[in-house]
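Student: I would like to go through this model term by term. Please set each value against its cut-off.

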Amino acid sequence: LPTDDLYWRTFAQLARLNQRDDLSRLAYRQLLIGGHAQPDDLASMIDFYDASPIDAGRLAELAFRKGGTMTSLQQAIYYYTRARAFRRIDGLLASLTPEQRSAAERSAGVLGARAEYERQSGQWLAAMRDLRRAVSLPDAGSDVKTAYLWGLLDSGQNDELKRALALWRADAENDSTYWGAYAAA
């Protein structure tokens, strides 16, 4: 088989365009074996393996190890949570450098993903702490804010819930992500 990364990268793109999953898998495997998968390659692979969360999680972790982006860390936590691979998340979080840990604490996406992991693994107080921190950050999206609203609803924290509902009322009018939580509230 050819070992040229450009060949396999092009092969993978053509296989995806032609919906040939078998050939896509072959091309992605060869890119990984070659050790030269670029961030764009890994992003395509993560998308391709979405239906297999453990594989997508491994690829996202690899992307994080190679590039250190918070988006890759968020994806790794998200996919490992979907796969219920909680030990992998524990290991990944424990391996963060102080700089990476600090960056993660400033990323609403990472905090939101970690909160979902904590919620599913029975760490309710830690999940709510992460969601409170996440919604206070400038990059907090409607998905994180909605998770926070659901957490408040589930825990019966009505005063905090009323404040959050009033704060995001204008956003909720035009963003359907909020509608279920607002209806439940």
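Tutor: Start with the elements: helices (H or I, at least four residues) and strands (E, at least two) are DSSP runs, numbered from the N terminus. From the N terminus on, the protein chain runs α-α-α-α-α-α-α-α-α-α-α-α-α. That is 13 helices and 0 strands. The model is predicted: local features need pLDDT of at least 70, side-chain atom pairs count only at pLDDT 80 or more, and totals for chains, interfaces and linings use all residues. Residues are numbered from 1 along each chain as its sequence is written, and side-chain values use heavy atoms, with hydrogens and water left out.

Student: Why is the pair of Y7 and F11 called tilted?

Tutor: Rings of Phe, Tyr and Trp (its six-membered ring) pair if their centres lie within 6.5 Å; planes under 30 degrees apart count as stacked, over 60 as edge-to-face and the rest as tilted. Y7 and F11 lie 5.8 Å apart, centre to centre, with 35 degrees between the planes. The distance makes them a pair, and the angle falls in the tilted class, so the name holds. The structure holds 9 aromatic pairs.

Student: What separates Y7 and F11 by about one helical turn?

Tutor: They are 4 residues apart in helix α1 (residues 5-17), and therefore about one turn apart. Ring pairs also link Y7, W8 and F11 into a cluster.

Student: What makes Y7 partly exposed?

Tutor: Buried means under 20% relative accessible area, exposed over 50%, partly exposed in between (1.4 Å probe, protein chains only). Y7 has 36%. F11 has 23%, so F11 is partly exposed too.

Student: Why is the pair of Y178 and Y182 edge-to-face?

Tutor: Their ring centres are 6.1 Å apart and their planes stand at 80 degrees, so the pair is edge-to-face. Both Y178 and Y182 are buried.

Student: How do you know that Q19 is exposed?

Tutor: Its relative accessible area is 69%, so Q19 passes the exposed cut-off. Q19 sits in the loop between α1 and α2. Its phi is near 55 degrees, a positive value in a residue other than glycine. R84 also has phi near 55 degrees; R84 is in the loop between α5 and α6.

Student: What makes a set of residues a nonpolar core?

Tutor: Such a core is a set of buried Ala, Val, Leu, Ile, Met, Phe, Trp, Tyr and Cys residues joined through side-chain atoms within 4.5 Å. The largest has 32 residues, of which Y28, M45, L73, I77 and I89 touch the most other members. α5 gives the most to this core, with 6 residues. Apart from it lies another core, of 22 residues, among them L111, A127, L161 and Y182.

Student: Which residues does L73 touch?

Tutor: Contact means heavy atoms within 4.5 Å. Not counting residues up to four places away in sequence, L73 touches F64, L92, L96, A104 and V110.

Student: How is the lining of the largest pocket divided into nonpolar, polar and charged residues?

Tutor: Ala, Val, Leu, Ile, Met, Phe, Trp, Tyr, Cys and Pro count as nonpolar, Asp, Glu, Lys and Arg as charged, and the others, Gly among them, as polar. The lining has 11 nonpolar, 6 polar and 5 charged residues. A pocket is an open set of points on a 1 Å grid over the protein atoms alone, where a 1.4 Å probe fits, with protein on both sides within 12 Å along at least five of seven lines; lining residues have an atom within 4 Å of a point. The largest share of this lining, 7 residues, comes from α8.
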